[in-house]
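Trainee: Could we go through this structure together, one question at a time? I would like each answer to end on the value or name I asked for.

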Amino acid sequence: MIKNILSDTALLVVDMQNGFLSEKGGMAKLGFDSKLLNSSIPGCVELVKVARKKEIPIIFTQYLYEEDFRDGGIQVEEIFPGIKEVELCARGSNDAMIIDELKPENGEIIIEKNRPSSFYSTRLEAYLRSQRINNLVICGVTTNICVETTARDAAQRDFGTYVVRDAVAEVDDFRHEISLKALEHMFAKIVTVKNVTETWLKKNS
Amino acid sequence: MIINNKNSVLLVIDMQNSFLHPDGTMSKLGFDCKKLRDAIPGTEELVEKARSFKIPIIFTQYVYHPDFKDGGWLVDEISPELRDIKLCVKGTWDADNFETLYPMKSDIIIEKNRPSAFISTQLESYLNSMSIENIFVCGVTANMCVETTVRDACQRDFRVFLAKDAIAEVDDARMKVALMAMEYFFAKVLNVREIIDIWNKK
């Protein structure tokens with residue numbers, strides 16, 4: 001089922017930042033349980049480890065707003081002003097940094113974004129097309145918002161889209177489960193860390 | 001927030017025979033089109049009122065090429081049954097709008113072959129050239145084409161008003177989470193009555 005991810009594939013690690021995962025981060029300040037999101041860390045760490053070993057390109061996304069949030073648009077101004085109040089993922093802050101466990105290494109790509117989709121107004125698609133990458137293995141947070149919006153976009157752009165069930169997480173278990181169901185219904189193949197790493201480890205580098 | 005009939009549109013998503021008519025192709029997949037028909041009365045009311053308030057109406061139509069060569073990953077790998085049942089093939093009755101929601105000559109029709117009405121379509125250029133800021137959304141299905149379109153609209157900084165009683169989904173849990181997710185980060189969720197009140201006041 002996932003033989004496609006043996007070649008022309010990248011690992012996309014979505015928004016694994018202090019703002020979402022630290023107990024002192026912006027999301028925790030908004031009253032969300034960052035511990036629930038932490039369940040994605042071991043899976044992401046394992047995927048990154050195996051991807052590095054097998055020389056599979058790794059792309060990290062980073063949710064970043066300008067310090068004054070002038071790039072927040074309708075989502076920040078009207079739908080969720082709390083984001084601005086807690087200064088979630090403001091450029092230059094500790095909140096916006098990718099967590100220590102997943103520090104990008106030299107040569108790994110970081111895509112900054114200020115919307116849930118990693119494709120909208122970013123250089124991700126141009127990067128993928130120019131590198132002839134046709135498949136994305138997606139992990140990170142949060143399942144129902146940035147992961148799902150990104151996976152919907154990837155699938156509609158005809159990238160083979162694989163979402164790793166045990167390396168994504170959401171602050172609400174019900175939304176997590178139904179989000180995966182929605183993705184499976186029309187956009188993505190839902191896989192496990194083990195499915196992916198076992199496939200990659202068979203790869204001849 | 002300024003809402004008037006110059007900077008607003010009603011976006012009616014995929015109200016086609018395929019999804020709504022008992023003889024449509026979605027029923028062949030075992031989906032309960034009765035559930036999707038819940039979106040019809042609210043959508044009819046919004047369309048009628050939008051016409052009386054002179055708010056432009058955009059209908060999207062999910063349309064595939066007869067051989068589905070434009071289906072891509074979604075059809076080839078995720079839902080090959082869409083090809084088997086010949087969902088919404090261009091030019092067929094299946095792809096046509098449901099009889100009570102037929103576009104008029106002055107309406108805009110956007111054909112699409114992906115869930116989002118923004119991907120590879122002319123929708124955004126229409127909205128921008130018409131200086132649209134506010135999009136009122138209804139149609140089917142809530143968790144698929146409606147939600148994907150709403151996520152895209154909001155990220156492009158259109159203000160989205162979702163008519164929760166003029167959308168529908170075949171699966172109750174997915175309907176519930178679709179509303180939660182959209183309300184959480186992508187749209188203002190209202191009912192048809194509240195939307196018509198907004199149009200009345202403007």
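Predicted model: local features only at pLDDT ≥ 70, side-chain atom pairs only at ≥ 80, totals over all residues.

Trainee: What radius of gyration does chain A have, against the value for a compact globule?
Mentor: The C-alpha trace of chain A spans about 50 × 35 × 30 Å along its principal axes. For 205 residues, a compact globule would have a radius of gyration near 17 Å. Chain A agrees with that, at 16 Å.

Trainee: How far apart are the centres of the positive and negative side chains in chain A?
Mentor: Chain A has 26 positive side chains and 31 negative ones. The distance between the centres of the two sets is 6 Å.

Trainee: Which strand of chain A pairs with strand 5, and in what sense?
Mentor: Strand 5 covers residues 160-169 of chain A, and 8 of its 10 residues are buried, so it is largely enclosed by the rest of the structure. In strand 5 of chain A, A:G160 stands opposite A:N135. The 6 bridges to strand 5 of chain A come from a strand that runs parallel to it, strand 4 (residues 135-141).

Trainee: Is A:V164 buried or exposed?
Mentor: A:V164 is found in strand 5 of chain A. Beyond its neighbours within four places in sequence, A:V164 is in contact with residues including A:L47, A:V137, A:I138 and A:V196. A:V196 is 32 residues from A:V164 in sequence, and their C-alpha atoms are 8.1 Å apart. The relative accessible area of A:V164 is 0%, and the cut-off is under 20%, so A:V164 is buried.

Trainee: Which residue just after helix 8 of chain A takes a positive phi?
Mentor: Helix 8 of chain A covers residues 143-156 and is mostly covered, with 14 of its 14 residues buried. Just after helix 8 of chain A, a positive phi of about 70° is found at A:D158.

Trainee: Why is chain B said to be as compact as a globular protein of its length?
Mentor: Chain B has 10 helices and 6 strands. The globule rule gives 17 Å for its 202 residues. Chain B is as compact as a globular protein of that length because its radius of gyration is close to this, at 16 Å.

Trainee: What stands opposite B:L11 in strand 2 of chain B?
Mentor: Strand 1 of chain B is joined by 6 bridges to strand 4 (residues 134-140), in parallel. In strand 4 of chain B, B:V137 is the bridge partner of B:L11. Strand 1 also pairs in the parallel sense with strand 2 (residues 57-62) of chain B, over 4 bridges. In strand 2 of chain B, the residue opposite B:L11 is B:I58.

Notes:
Residues numbered from 1 in each chain as written. Chains lettered and ligands numbered in written order. Heavy atoms only, no water. Helix = DSSP H or I, 4+ residues; strand = E, 2+ residues; numbered from the N terminus. Rg over C-alpha atoms; globule rule 2.2 N^0.38 Å. Buried < 20%, exposed > 50% of the residue type's maximum accessible area, 1.4 Å probe, protein only. Pairing = 2+ DSSP bridges. Contact = heavy atoms within 4.5 Å. Lys, Arg positive; Asp, Glu negative; His and termini not counted. Charge placed at Lys NZ, Arg CZ, Asp CG, Glu CD.
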